[in-house]
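User: I have a model open and would like to walk through how its parts pack together. Could you take me through it?

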Amino acid sequence: MASIIGAGLVKVSNHWNMSIEDLAYEAAEQAMKDINSERIDAIIVANAFSGVANGQENLAAHIASSLGMARKPSFKVELEGASGGAALLAACSMLSRYERILIVGVEKLSDVTSLEDITSVVSSSINREHEGILGATIYSHHALMMREYMRRYKLEERDFGYFPIMMHENAVNVPHAQLRFKVSMEDYIESPYVSTPLKLMDVPSEADGAAAIVISRSDGPVKVSGIGFSGNEAVITHRIDQLDMENITAAFSSAMREAGIDIKDLDFVQIHDTSSVLAYLQIESLGLSDKGKAPKDTESGKFRRDGEIPINPEGGMKARGYPVGASGVYQLAESYMQLQGTADGYQVQGAKNCAVVSLGGLASSCVVAVLRR
Amino acid sequence: MYSWLNVPSYWRNKSRRYMLIGGKCRDCGHKFFPFRRTCPKCGSRSVIEEKLPRRGRVLEHTVVHNPPRGYEYYTPYVLALVELEDGAKVLAQLTDVDPEEVKEGMEVEMSLRILRVCGESGFIAYGYKFRPATK
């Protein structure tokens, strides 16, 4: 069974003075603090947009070189927001060949300085030829899904405020979080529309970040006890039901089955909250709420850090921040710290088991990892 | 820099985009857009091209306030998920309508319009939009 034996992360922010290699270096150095880099056998880079945002491909070779590991095998895994989860799957599947693998998640978006350009970059995850040409964006996709969810379950705009409010609350004491301040329902309601009814406060802001973990074939402090992966139609008009998230349920069930644990054994869950509505759909697909009831359960405090089943104790994509291709590696690094009891500022007391959901696009890819100490 | 509008992509999609040609599954009868070689519903590989009806109704819509590069002059614009008369779903901009007046269930019909103009090359991309249906 694969283990995580080291983790590191950089504060999510606009790091104007750091290049994509600088960011990767910081996170990798921390993750390899107790491991001689000579003992790393391969490197996997998780990244979504280096080609479009930075004009940099062949990224893994450049990062391996900047780490002083140019001779080691390295490659990049790209699956938009699920790049980190996919990198974990790749690493675990490669352990028969390599004993220790460094996964570095990195995203450098602050070099793209205009709003239209950054919207274009992050919207390259939708179908360019058939959806992008229409002026659609990743946000308009979330918005259409939100409208359908509101209609089906008779919800109001304010029902979507509970999730970002909770995420901001969780992030206040998280040292590496991007948005360490509380927001109120009034702030949410007054927040401007990105694409109606989706508000600015429903979505994360683009940012730079890097996180790294070391995966080992031998026993370590945190085990990867299960992994599941399932996809969904990538073009939204090809989906029969716009709210179909069966693939999240499938990936979660298969990861849990492999881990041999039950949902009540989970001490917390990390979800991929790239919008409030997508967060609610995940909560429901994981079986933590009934259909259409995630907003109410969120309001009730069930998912707070001190609640029945904490969700995103570090503040999630919304408030910890969303360095897209690195985000899945952030989740894994944070969960590693949680299970080691070193998640200062966001610790879930006594956590033993957790599940991490890493999504690409509008859940067109879903990787779930179950970890235990 | 981030517009990705190019002539070959436009050219190869021209007829399907002008005439709303999607796919029809020969096994389950499901109709869909855009065209592809496999059925999104049953997975069959027996799919043919099919000209889709020009009329339908709005399932969901959104008013885009935060556009990608190249669409800033059209903002705010309405994007809608339209269900055509034969059940196929199409994503399209709505036109000739005040964003405030768009309602779910609204009857719409296809209209060939300019999708965008590429400033650098002067190239004009046409394609389908939908407008309120005539009675």
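Analyst: The buried residues of H7(A) are A:Tyr162, A:Phe163, A:Pro164, A:Ile165, A:Met166, A:Met167, A:His168, A:Asn170 and A:Ala171, where buried stands for 20 or more other C-beta atoms within 10 Å of the residue's own, with C-beta atoms placed from the backbone. Please keep in mind that this is a predicted model, in which local features need pLDDT of at least 70, side-chain atom pairs count only at pLDDT 80 or more, and totals for chains, interfaces and linings use all residues. Residues are numbered from 1 along each chain as its sequence is written, and chains are lettered from A and ligands numbered from 1 in the order in which they are written.

User: Why is H7(A) described as largely enclosed?

Analyst: Because 9 of the 10 residues of helix H7, residues 162-171 of chain A, are buried, the helix is largely enclosed by the rest of the structure. Helices here are DSSP runs of H or I with at least four residues, and strands are runs of E with at least two, numbered from the N terminus.

User: And what covers the buried residues of H7(A)?

Analyst: The cover includes helices H8 (185-190), H10 (276-285), H11 (294-300) and H12 (316-319) of chain A, with contact counted when C-beta atoms, placed from the backbone, lie within 7 Å.

User: Switching to the sheet, in what order do the strands run?

Analyst: In chain A, 9 strands form an open sheet with mixed pairing, in the order S3-S2-S4-S7-S1-S8-S11-S10-S9, and two strands count as paired if DSSP finds at least two bridges between them. Its edge strands, each pairing on one side only, are S3 (74-77) and S9 (268-270) of chain A.

User: How many bridges join S2(A) to S3(A)?

Analyst: There are 4 bridges between S2 (residues 42-46) of chain A and S3(A), and the two run parallel; A:Ala46 stands opposite A:Val77 in S3(A).

User: Back to helices, how do H6(A) and H10(A) cross?

Analyst: The axes of H6 (residues 138-153) of chain A and H10(A) come within 9 Å and cross at roughly 60°, each axis being a line fitted to C-alpha atoms over the stretch in contact, with angles from 0 to 180 degrees between N-to-C directions. The two helices are therefore oblique to each other.

User: Which residues make that contact?

Analyst: A:His142, A:Met145, A:Met146 and A:Tyr149 of H6(A) meet A:Val277, A:Leu278 and A:Tyr280 of H10(A).

Methods
Buried ≥ 20, exposed ≤ 12 C-beta atoms within 10 Å, placed from the backbone. Contact = placed C-beta atoms within 7 Å. Parallel < 35°, antiparallel > 145°, perpendicular 65-115°, else oblique.
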